[in-house]
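Subject: Structure handover

Hello,

I am passing this structure on to you. Please open it first, then read the notes below it.

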Amino acid sequence: NQQYEYISAEIIKNSVNKQHNYLTLNRGDKDGIKPGMGVVTRDGVIGVVRGVSHHFSTVMSLLNKELRISSKLKESEFFGPLSWTGEDYRFAYLREIPLHADVEKGDTVVTSGYSNIFPEGISVGYVEEYEEKGGRFYEMKVRLSVDFKRVSEVYIIRNLRKREREKLENQVN
């Protein structure tokens, strides 16, 4: 009944100071790695595999302005997209949380499980501060749980039921 496998890898290249940061890992298609797989550490989310060769893979880092991660407040379960603004490598922003949600500084933010990439409940970070945006939603500054300047070992997530889910969801679309 297992849905996910975790494949260990080492980061052999990492950037944190660009607008579109990437990592390179020492695992590739010979290890079963494919584009679209999630990458995490024991502390939380790192990014998503984009390119794969025989022995290596590249990962779009959470510190890439193009990446959006479906995330939620752990306690209340309100969800929204989390993304990085290209500024401080320690923070990202969770958006589209409705104003009626109970929010406190320090609330835990985790993956929502609403994608084929990350299982539900993987740590993303903690609410540092929040403010009303557009009269209907909160925007939350989230202190990331991973220190991207110190990370060296990661786990690549293989969703064993990905094809089945995609096939079913494509029938609706």
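The side chains of Glu-139 and Arg-95 are joined by a polar contact of 3.0 Å. Please keep in mind that this is a predicted model. The pair also forms a salt bridge, with 3.0 Å between the closest N and O atoms. Glu-139 sits in strand E11 and Arg-95 in strand E8 (residues 91-98), so the link joins distant parts of the chain, 44 residues apart. Strand E11 itself covers residues 137-144.

Is Glu-139 buried or exposed? Glu-139 is buried, because its relative accessible area is 16% and the cut-off for buried is under 20%. Arg-95 is partly exposed, at 26%. Beyond its neighbours within four places in sequence, Glu-139 is in contact with Tyr-93, Leu-94, Arg-95, Glu-129, Tyr-130, Glu-131 and Lys-133.

Other salt bridges

How many salt bridges does a search of the whole structure find? The search finds ten. One of them pairs Arg-158 with Glu-5, at 3.5 Å from N to O. Arg-158 lies in strand E12 and Glu-5 in strand E1 (residues 4-14), so this pair ties together parts that are 153 residues apart in sequence. Arg-158 is partly exposed, with a relative accessible area of 24%. Glu-5 is partly exposed too, with a value of 31%.

Lys-72 forms a salt bridge with Glu-120. Their closest N and O atoms are 2.3 Å apart. Lys-72 belongs to strand E6 (residues 69-73). Glu-120 is in the loop between strand E9 (108-111) and strand E10 (123-133). The pair therefore ties together parts that are 48 residues apart in sequence. Lys-72 counts as buried, at 5% relative accessibility.

A buried asparagine

Asn-21 is in strand E2 (residues 20-25). Its relative accessible area is 0%, so Asn-21 is buried. What does the side chain of Asn-21 reach at 2.8 Å? The side chain reaches the backbone oxygen of Lys-18. With neighbours within four places in sequence left aside, Asn-21 is in contact with Ser-15, Val-16, Val-59, Met-60, Ser-61, Leu-63, Asn-64 and Trp-84.

Pockets

The largest pocket holds about 300 Å³ of space. Its lining has 15 residues. Which of them lie nearest its centre? They are Lys-34, Met-37, Arg-158, Asn-159 and Lys-162. By class, the lining of the largest pocket has five nonpolar, five polar and five charged residues.

The second largest pocket holds about 190 Å³. Its lining is made up of Thr-41, Arg-42, Asp-43, Ser-145, Val-146, Asp-147, Arg-150, Val-151, Ser-152, Glu-153 and Tyr-155. These residues divide into three nonpolar, three polar and five charged.

Best wishes

Definitions and conventions: Residues are numbered from 1 along each chain as its sequence is written. This is a predicted model: local features need pLDDT of at least 70, side-chain atom pairs count only at pLDDT 80 or more; totals for chains, interfaces and linings use all residues. Side-chain values use heavy atoms; hydrogens and water are left out. Helices (H or I, at least four residues) and strands (E, at least two) are DSSP runs, numbered from the N terminus. Buried means under 20% relative accessible area, exposed over 50%, partly exposed in between (1.4 Å probe, protein chains only). A polar contact is a pair of N or O atoms within 3.5 Å; within protein, one must be able to donate a hydrogen and the other to accept it, and residues adjacent in sequence count only if both atoms are side-chain atoms. Contact means heavy atoms within 4.5 Å. On a 1 Å grid over the protein atoms alone, a cavity is a set of points where a 1.4 Å probe fits but cannot get out, and a pocket is an open set with protein on both sides within 12 Å along at least five of seven lines; lining residues have an atom within 4 Å of a point. Grid points are joined across faces, edges and corners, and a volume is the space filled by probe spheres set on the points. Ala, Val, Leu, Ile, Met, Phe, Trp, Tyr, Cys and Pro count as nonpolar, Asp, Glu, Lys and Arg as charged, and the others, Gly among them, as polar. A salt bridge is a side-chain nitrogen of Lys or Arg within 4 Å of a carboxyl oxygen of Asp or Glu.
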